[in-house]
Amino acid sequence: DAPVGLMRARLALAALVLVLDQASKLAVLRLIEPYQTIPVIPGFNLTLAFNRGASFSFLADAGGWQRWLFSAISVAASVVIVVLLRRTAPGDRLNGIGLSLVLGGAVGNLIDRLWLGHVVDFLDVYYGASHWPAFNVADSAITVGAVLLVLGMWRQERAAA
């Protein structure tokens with residue numbers, strides 16, 4: 001098990017992601033109208049959008065039951081991640097950071113689902129006329145965390161070989 005101080009640090013990183021995610025969403029909700037686009041730099045806009053589904057709007061058009069399904073999945077995943085964080089070795093920084101980022105992002109999007117009924121997205125990356133689906137800080141943390149977890153597993157496999 002991870003020492004108490006390390007566990008606190010890992011949970012603090014998750015909390016930082018959560019605060020940054022919720023603060024950025026609150027700011028965007030106050031400053032931008034739904035579906036309004038504000039160009040920032042070429043290839044990047046702020047565009048307020050709402051996602052009732054999962055990644056890439058999966059099941060967004062379902063009748064509302066998906067809110068509770070995805071909320072339950074987020075709660076279960078968060079509990080599993082906290083257990084994994086406790087079990088992650090102190091020297092395993094990649095997996096510890098990766099799990100913390102995924103936890104913070106999962107809880108950030110869970111809060112949106114429970115309080116608003118949808119996830120607030122606003123980061124709009126594009127090339128020419130092709131736009132990636134809008135996303136948010138939580139989604140970014142989950143993605144970076146997942147990449148770190150894959151790298152951590154890859155490093156562990158290389159070390160074992």
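**A buried lysine and its surroundings**

Hi everyone, let me start with one side chain: K25 counts as buried, at 2% relative accessibility. Buried here means under 20% relative accessible area, exposed is over 50%, and partly exposed lies in between, with a 1.4 Å probe and protein chains only. Before going on, a word on the source: this is a predicted model, where local features need pLDDT of at least 70, side-chain atom pairs count only at pLDDT 80 or more, and totals for chains, interfaces and linings use all residues. Residues are numbered from 1 along each chain as its sequence is written, and side-chain values use heavy atoms, with hydrogens and water left out.

So what does K25 pair with? Its side chain meets that of D112 in a salt bridge, 2.7 Å from N to O. A salt bridge is a side-chain nitrogen of Lys or Arg within 4 Å of a carboxyl oxygen of Asp or Glu. Because D112 lies in helix α3 and K25 in helix α1, this pair ties together parts that are 87 residues apart in sequence. K25 also forms a salt bridge with D21, at 2.8 Å from N to O. Those two are four residues apart in helix α1, so about one helical turn separates them. D21 is buried as well, with a relative accessible area of 0%. By this rule the count comes to two salt bridges. In general, side chains of opposite charge can pair when their charged atoms come close.

Now the overall layout. The chain has four helices and four strands, and from the N terminus on its elements run α-β-β-α-α-β-β-α. Helices (H or I, at least four residues) and strands (E, at least two) are DSSP runs, numbered from the N terminus. The C-alpha trace spans about 50 × 35 × 25 Å along its principal axes, and 38% of the 161 residues count as buried.

Where is the largest nonpolar core? It has eight residues: M7, A14, I81, L85, L99, V102, L103 and L149. The term covers buried Ala, Val, Leu, Ile, Met, Phe, Trp, Tyr and Cys residues joined through side-chain atoms within 4.5 Å. Helices α1, α2 and α3 each supply at least two residues of this core, and the largest share, three residues, comes from α3. L149 touches N95, G98, L99 and V102, leaving aside residues up to four places away in sequence; a contact means heavy atoms within 4.5 Å. A second, separate core of seven residues includes V28, I32, V120 and L123.

On to helix α4, residues 137–160. Its 24 residues reach 34 Å from first C-alpha to last, close to the 34 Å expected at 1.5 Å a residue, where the expected span is 1.5 Å times one less than the number of residues. Its buried residues are A138, A141, G145, L148, L149 and G152, and what covers them includes α1 and α3. N136 caps the N-terminal end of α4, with a side-chain oxygen 2.9 Å from the backbone nitrogen of A138.

Last stop, T88, in the loop between α2 and α3. Is T88 buried or exposed? At 10% relative accessibility, T88 counts as buried. A polar atom of its side chain lies 2.6 Å from the backbone oxygen of L84. Not counting residues up to four places away in sequence, T88 touches A2, R10, N95, G96 and L99.

Terms used. A polar contact is a pair of N or O atoms within 3.5 Å; within protein, one must be able to donate a hydrogen and the other to accept it, and residues adjacent in sequence count only if both atoms are side-chain atoms.
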